[in-house]
Amino acid sequence: MDRIVGEVSRLLAHARGVESASVFGLVRTVERMRGRPLTVKESAELPPGMFGLWRNGDDRDEVFYAPWVAAPDRTVAHELGHILLGHGGLPVEEAVRHTLPPEWHDMASFMLRQCGHDAGADEQLRQLERDAEGFASELCRRISGAGRARSARIRSHFNEIL
Ligand SMILES: [Zn+2]
């Protein structure tokens with residue numbers, strides 16, 4: 001978890017101006033850190049049940065999120081986690097995780113194992129998902145914490161005036 005907190009800190013340290021006020025603002029920061037374009041788009045073409053997806057291209061990164069997700073910034077934060085934690089982006093197992101409901105994961109793992117994916121790889125994959133989720137939680141917590149601190153500062157300023 002320390003490495004995850006460290007990566008969130010590194011991202012926030014690179015943010016300029018208002019970028020750190022939102023996940024979507026931090027997309028520009030990630031772009032600068034990686035020195036290549038990163039586009040984030042809503043996509044109605046993701047398979048049913050898939051929240052988001054990172055496509056790790058030769059010269060650019062693309063993140064897609066489904067139109068129905070309740071919190072797009074949280075979904076995008078999860079994908080930024082995969083990017084900054086150095087995960088591969090869009091291997092077949094990742095797609096399975098994102099596509100199928102949790103109760104199907106064991107069956108999917110079983111079937112992937114039958115196709116030559118071993119249990120170690122499966123556990124590794126679960127760890128990648130946990131890490132990306134940890135990154136998203138930490139990032140969203142730090143962003144909303146900063147927002148609260150700002151409004152607390154404004155409130156105390158008001159109190160001084162009053
Ligand atoms: Zn993921």
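Two residues are taken to be in contact when heavy atoms of theirs lie within 4.5 Å of each other. By that criterion, among contacts in the protein between residues at least 6 apart in sequence, 55% join residues at least 24 apart. The structure described here is a predicted model.

The protein contains 6 helices and 3 strands. Along the sequence these elements follow the order α-α-β-β-β-α-α-α-α. Of the 162 residues in the protein, 38% are buried.

Helix α1, formed by residues 2–14, packs against α2 with the two axes 9 Å apart and at an angle of about 95°. Because angles of 65 to 115 degrees count as roughly perpendicular, α1 and α2 are described as roughly perpendicular to each other. On the α1 side the contact is made by R10, L11, L12 and H14, which meet L26, T29, V30, R32 and M33 in α2. By class, the residues of this contact comprise 5 nonpolar, 2 polar and 2 charged.

The arrangement of α2 with α3 was examined next. The axes of helix α2 (residues 23–34) and helix α3 (residues 72–84) come within 10 Å and cross at roughly 15°. Since angles under 35 degrees count as roughly parallel, α2 is roughly parallel to α3. The crossing in which α2 passes α3 is left-handed. Residues V23, F24, V27, V30, M33 and R34 of α2 meet P72, D73, V76, A77, L80, I83 and L84 of α3. This contact of α2 with α3 has 11 nonpolar and 2 charged residues, and no polar residues. V30 and M33 of α2 take part in the contact with α1 and also in the contact with α3.

Attention then turned to a loop residue. L46 lies in the loop that links β1 (38–42) to β2 (52–56). The relative accessible area of L46 is 13%; because buried means under 20% relative accessible area, L46 is classed as buried. When neighbours within four places in sequence are left aside, the residues in contact with L46 are F51, G52, L53, F64, Y65 and A66. One of these contact partners, F64, is 18 residues from L46 along the chain, and the C-alpha atoms of L46 and F64 are separated by 7.9 Å.

Methods:
Residues are numbered from 1 along each chain as its sequence is written. This is a predicted model: local features need pLDDT of at least 70, side-chain atom pairs count only at pLDDT 80 or more; totals for chains, interfaces and linings use all residues. Side-chain values use heavy atoms; hydrogens and water are left out. Helices (H or I, at least four residues) and strands (E, at least two) are DSSP runs, numbered from the N terminus. Buried means under 20% relative accessible area, exposed over 50%, partly exposed in between (1.4 Å probe, protein chains only). Axes are lines fitted to C-alpha atoms, for helices over the stretch in contact, and angles run from 0 to 180 degrees between N-to-C directions. Angles under 35 degrees count as roughly parallel, over 145 as roughly antiparallel, 65 to 115 as roughly perpendicular and the rest as oblique. A crossing is left-handed if the near helix is turned anticlockwise from the far one by less than a right angle, and right-handed if clockwise. Ala, Val, Leu, Ile, Met, Phe, Trp, Tyr, Cys and Pro count as nonpolar, Asp, Glu, Lys and Arg as charged, and the others, Gly among them, as polar.
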